[in-house]
Amino acid sequence: MPPLFGLPISLKDSFQVSGYDTSTGLGCYVDEPAEENSALAAMLIDLGAILYCKTNLPQTIMTGDSDNNIFGRTLNPRNKSLTAGGSTGGEGALIALRGSILGVGTDIGGSIRVPAVCNGIYGFRPSVGLIPHGGVRDVTTPGTDGIRSTAGPMATSLRDCSLLLRTILQADTWKYDSTSISVPWTDLEPVRKLRIGVAQNEGVFTPTPPVRRAFNQAVDLLRGDDNIEIIPITLPNVGSYYQDIISYFALLGSEVSGPEPCLIL
Amino acid sequence: MARTGEPIIPSLENIGLLSVPGTDLKGFFDLNVRRAEAAKDYLKLFCDNEIDLIMMPPAAHTAVPLDHWTKAAYNCIWNYLDYPAVVVPTDHVRDTDSADSLSNAQFGPEDEKLYSLCTSPFIPDMTFVIQAHTCFHRYWPRTVQGRTGWYYGGGI
């Protein structure tokens, strides 16, 4: 049997699935069903998975609240006055509600990890190219090669994130997506004490008291493990990098161009 | 959006991307040069400290009120460097968590503005996570060298 046989997997709406819209929260893409599957959707189907839903995201994908004029706003399941995060907020909320046991999102500036934070689940951002990204709608100008989006798992356990990653990496991604980097899954064991560099903040925004408390509790727990060494570090220059990152996200400025119906970022 | 005339959602207005000026080709090349330097600096961080991974909060705050998540500095640095990054949930806001003074915001007016979102009483049951970045994953053209992530020994 294929390794994901019968497993229902939810996908962020930006993944093309043949026969269904990839509106990505934009009116200009409504009623334009995809003619073929995205590379990952095709892989998951070949691996036996069941694709049963696509989940909400923000208008243009590029913000932290999964809200748009097509489907409305995804709310935080624990407290509807708070954000479910974005841009993979629909996945975050659905998984938190156990409406999905494994989902896939994309991340160009935190879009897997912010919903993971907001909904208390695991979210993994792999390096670009590991999980096929072909056939994912992306509102950046075609042909630009700034900061690239990457696809990754979201789940309620690390075991389940690993399941998706391992299965995909073992399944010849290069056959599905010419831009993928086919890296074998290697089950390496740590050969020495794990050295963890602990950064209390990124030098731009101060963590609030509950975040500091919970983070330090986690660090103390790890410090108590004989196989782990904690090394305090400071992350250099994040503030200046952040300005450049914003510039990458708006290389052409933010303008609505004539022949293209949608906002160009 | 011009074709449909649809309104822009509040979150997109608030995040400020709509008012960012573009750049030209030279500006783009300069961005790439600085990015390459950043990659070297962070390789040095790993090597000088002989660390296997970086552990840090995934955000300065927990889930915020609607349309107020507008800063991504904790996350997008890892997109910039293309490092693998995982968020691990750890705990919840507790009744014993209390807001503190804005003077504890260490990094200037923008930091204070964000910090002020979280000075009201904290909402219990909002979860916390830590963000862990597995070792750098670098590639040159399509050959990848990776180091072990700290979970399950999976090499990424």
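A cavity is a set of points where a 1.4 Å probe fits but cannot get out, and its lining residues have an atom within 4 Å of a point. In the predicted model described here, four cavities of 30 Å³ or more are found. The largest cavity has a volume of about 110 Å³, and its lining is formed by 17 residues, among which I61(A), T106(A), I108(A), D138(A) and S149(A) lie nearest the centre. When the lining residues of this largest cavity are sorted by class, five are nonpolar, eight are polar and four are charged.

The second largest cavity holds about 60 Å³ of space. Its lining includes F205(A) as well as residues of chain B, among them P58(B), H61(B), W69(B), K71(B), Y74(B) and L114(B). Helix α3(B) gives the most to this lining, with three residues. By class, the lining of the second largest cavity has nine nonpolar residues, two polar residues and one charged residue.

Helix α3(B), which spans residues 73–81, also takes part in a packing arrangement with helix α2(B), which spans residues 25–49; the axes of these two helices come within 10 Å and cross at roughly 100°. Because angles of 65 to 115 degrees count as roughly perpendicular, α2(B) is described as roughly perpendicular to α3(B). From α2(B), the residues that take part in the contact are L31(B), R34(B), R35(B), A38(B), A39(B) and Y42(B), and these meet I77(B), W78(B), N79(B), Y80(B) and L81(B) in α3(B). The contact between α2(B) and α3(B) comprises eight nonpolar residues, one polar residue and two charged residues.

Considered as a whole, chain B has four helices and six strands, and along the sequence these elements follow the pattern α-α-β-α-β-α-β-β-β-β. Of the 156 residues in chain B, 49% are buried. Among the contacts in chain B with a separation of 6 or more, 67% are accounted for by residues 24 or more positions apart.

In chain A, helix α1(A) covers residues 39–46, and its buried residues are A39(A), L40(A), A41(A), M43(A) and L44(A). An α-helix has 3.6 residues a turn, so residues three or four places apart point the same way. The elements that cover the buried residues of α1(A) include the strands β1 (8–12), β2 (50–55) and β5 (102–107), together with helix α4 (158–169), of chain A. After α1(A) comes G48(A), a residue whose phi is positive, near 100°.

Notes:
Residues numbered from 1 in each chain as written. Chains lettered and ligands numbered in written order. Predicted model: local features only at pLDDT ≥ 70, side-chain atom pairs only at ≥ 80, totals over all residues. Heavy atoms only, no water. Axes fitted to C-alpha atoms, helices over the stretch in contact; angles between N-to-C directions. Parallel < 35°, antiparallel > 145°, perpendicular 65-115°, else oblique. Contact = heavy atoms within 4.5 Å. Nonpolar A, V, L, I, M, F, W, Y, C, P; charged D, E, K, R; others polar. 1 Å grid on protein atoms, 1.4 Å probe; cavity = no way out; pocket = protein on both sides within 12 Å on 5 of 7 lines; lining within 4 Å. Points joined across faces, edges and corners; volume = space filled by probe spheres on them. Buried < 20%, exposed > 50% of the residue type's maximum accessible area, 1.4 Å probe, protein only.
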